[in-house]
Amino acid sequence: MPKTRKQKEELVQKLKEDFNNLKAAVFTNYQGLTVGELDELRELLRKEGVKYSVVKTNLARIAAKDTELKNIEIPDIKKPLAIAFGLQDEVAAAKIISKFAKEHKKPEVLFGVLEGRAISAQEVASLAKLPSRDELLAKFVGTIKAPISGFVNVLAGNIRGLINVLNSLKEQKDKQAS
């Protein structure tokens, strides 16, 4: 059943909000995915804070006109279009979709958006290879923690040495006393 004009206007408004709030987006052709696979993909994306919406190309183009993406030309795609909106992490959508596509041979990445500019499918694949925000933060914390841990170990080594000397003195006195 076709959507009414009011439903389409509401959908365009939601798309505008998503376009304005996104950090990155991946435009895909989901044709060939079963309903179960599509649900599985949506669940994987949802866990990482990524919204995946099936959208008509024309409505996406209309919504993009009044947002920060107005300079991006959304091509007239004759294939079914779905957009993964990365609202929290720039690489999460690309990582999950690329991994899912390797396992299931679908969806096909058409192009993406990063920092308000269009990127090719190859650039989306490169983006998917980058570490996620959480991974980068963990590495950063590990880098900061390493010198502090080393310093603590040096200090603890002196205390351990003192304890070993005191224990050996105690053992010598115990041997002399017996």
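Rings of Phe, Tyr and Trp (its six-membered ring) count as a pair if their centres lie within 6.5 Å, and the pair is stacked with planes under 30 degrees apart, edge-to-face over 60, and tilted for the rest. This is a predicted model, where local features need pLDDT of at least 70, side-chain atom pairs count only at pLDDT 80 or more, and totals for chains, interfaces and linings use all residues. Residues are numbered from 1 along each chain as its sequence is written, and side-chain values use heavy atoms, leaving out hydrogens and water.

View 1. Searching the whole structure turns up two aromatic pairs. The partners sit 84 residues apart, Phe27 in strand E1 (residues 24-29) and Phe111 in strand E4 (residues 108-114). Strands (E, at least two residues) and helices (H or I, at least four) are DSSP runs numbered from the N terminus. Both Phe27 and Phe111 are buried, meaning under 20% relative accessible area with a 1.4 Å probe, protein chains only.

**View 2. Helix H4 and its buried residues.** H4 (residues 92-104) has 13 residues and should span 18 Å at 1.5 Å a residue, which agrees with its end C-alpha atoms being 18 Å apart; the expected span is 1.5 Å times one less than the number of residues. Its buried residues include Ala92, Ile96, Ile97 and Phe100. The buried set packs against E1, H2 (35-47), E2 (50-55), E3 (81-86), E4 and H5 (121-128), with contact taken as heavy atoms within 4.5 Å.

**View 3. Just past H4.** Here Lys105 takes a positive phi of about 65 degrees.

Technical notes
Buried means under 20% relative accessible area, exposed over 50%, partly exposed in between (1.4 Å probe, protein chains only).
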